[in-house]
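Please read the points below alongside the sequence and model.

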Amino acid sequence: MHRNSSNILNLLPKHLQKFVVEMPYESYTEKDHAKWRYVLNMNLRFAHEFAHPFYPKCLAELNLSPEKIPTIEELRQKIKHTGWNIVAVNGFITPKTFMEFHAEKFLVVATNIRNLKHINYTPYPDLIHDMVGHIPCVFYEEYADIMTYFGKIGTKAISCKLDFEIHEALNLLSILKEERNPDEKKIRETENLINSKRNSEKELSEMEKVRILHWHTVEYGLMGTVEKPIVYGAGLLSSIVESYQGLTKKVNKKAFNLDAFFSEFDITSHQKELRVVKDFKTIKEITNQFVSKLSLNIGGSHGLKELIKSEEVGTLELNSGIQISGIFVESFISDERVDFIETENKTVFAKENKELLTQNKFASPIGEISEFKIDNEEISFSNLSEFQLILNKEIEIKYKSGIKVSGKIDSYLFENNTLYLLILKKCNIEIKGETIFHEQNILAFGKKITSAYSGVADKNSFEEFEDPVFFDFTISPTKKEKILFHYYGEIRKMRACKVLNIDILKDTFNFSIENFPEDWLIILEVYELIFDSNSTFETIVKNHLMKMRKNEELKTLIDKGIQLIKEKIEIKN
């Protein structure tokens, strides 16, 4: 870590810190810097033709250099006045983790960079997507607000086990598509696996629904009207080809609403359907219709069932204010009323999002209490504050649900005439003819569950969440690739010093068409340097580009590149 990286990490919850890595700048090739230059220059010039007016202004304000991939520290300095921060991550983090970073006002930048064949759309999130797509948007307050809005929702929306299985399969599919020589058989097998898992999904989880809404807004959203939309989603903004295509009749466009849950989309290829929203305010209005029905807001038996189904760390909040974080297991629920809750492994109790104490496993009735009996003396819950809860005294508690608890008082939390927690030794819980025994147990008092959500109340009380999966995206270049990268570097030097070496440019052209016939970018860079020279070499290079643009996938990329080259010369003259 760099000198100030550790201080920045301390601003994040512990479980997010482990995803942060250093950017491997030394591994980026001259060709990588050229890919960066192409995309940034295209956006700086053409974004106003397809994007929301805020975007070209914010991109200009960010003032990134096209000549090299910026460092994380350079980016941090450029956006620090916005209140946001930036870290690098490796690998395909889950949508939940991605949104958690946004909830903390942290942008993440992937360490990998797309292949040239995917320059108009990357199946695997990369640094171009993050730097050109997401980062400029934090300069626009309404957009940044939507990012934190989804971040806070996504952090607490409850997932299911199938979400993670599908995510892992998508991760694999993205990597397979980005490989130097993709294995088409493995790609088809993985696509079939994903479809099979999706088809087995009886009902979308809360988190999956948040992800879909996030996809159709923050990532791939259009704004305005279905008849006349403009681009604002980061995934589109980082690809001018898909942006232009998304505004044509080739892509189906529908109004953004909650039926987006039933839309089909593939994060590893071009989109066939996009959603259009009127404005940023409408995004919140529509999404809030869904948010009001989240377990976070309705709690109760529904929320508990969702947490149990997720098999992940979650939190229940009781009406008393006590928050219980852990992995919840099957409980006694009668008539949609929760009478009993139970966790396995580590459980953390908190109040107002501050940890109070920790227990390994936990079982407690909740609901109304009919009777307290301490050393056989009956007292009511209402006058409990007048009675001294003496340590090591026997206590018996009867609930209106019929559950009975007994044990010795070990300690308790009693504030403002309210009993929140009671720690018992040799605790027996009698419930529906069964007895549950704990050598030590905590009882949490509350009549009902008011909220249920993913994650923890005290964000630093757990580190045992999703573990990062790190990938080495570097590929050892072949001898010929090293020569190609060298030529890319020579071109960059010529641009910098404004002194051309025609012999090197001719060698670059001949070597490229012979050994890398698919590499249109280096031919375009050669053409840029010799444009308007009225030479035979210029004609040869131009004719070769015209031949390459017959490939439909390259047509827009080459045409826009040539247009920009011409405009630069016109401005110079």
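1. Arg-337 is partly exposed at 42% relative accessibility, whereas Asp-339 is buried at 6%. Here buried means under 20% relative accessible area, exposed over 50%, and partly exposed in between (1.4 Å probe, protein chains only). The two residues form a salt bridge, with their closest N and O atoms 2.7 Å apart. A salt bridge is a side-chain nitrogen of Lys or Arg within 4 Å of a carboxyl oxygen of Asp or Glu.

2. This is a predicted model, in which local features need pLDDT of at least 70, side-chain atom pairs count only at pLDDT 80 or more, and totals for chains, interfaces and linings use all residues. Residues are numbered from 1 along each chain as its sequence is written, and side-chain values use heavy atoms, leaving out hydrogens and water.

3. The whole structure contains 32 salt bridges. Through shared partners, salt bridges join Arg-37, Glu-67, Arg-495, Glu-525, Glu-528 and Lys-568 into one network.

4. Lys-560 and Glu-49 are also paired by a salt bridge, at 3.6 Å from N to O. This pair links distant parts of the chain, 511 residues apart: Lys-560 lies in helix H21 (residues 552-572) and Glu-49 in helix H3 (residues 30-50). Helices (H or I, at least four residues) are DSSP runs numbered from the N terminus. Lys-560 is buried at 14%, while Glu-49 is partly exposed at 37%.

5. How many disulfides does the structure hold? It holds zero, a disulfide being a pair of cysteine sulfur atoms within 2.5 Å. Cys-160 is buried at 11%, and Cys-427 is buried at 0%.

Technical notes
Helix = DSSP H or I, 4+ residues; strand = E, 2+ residues; numbered from the N terminus.
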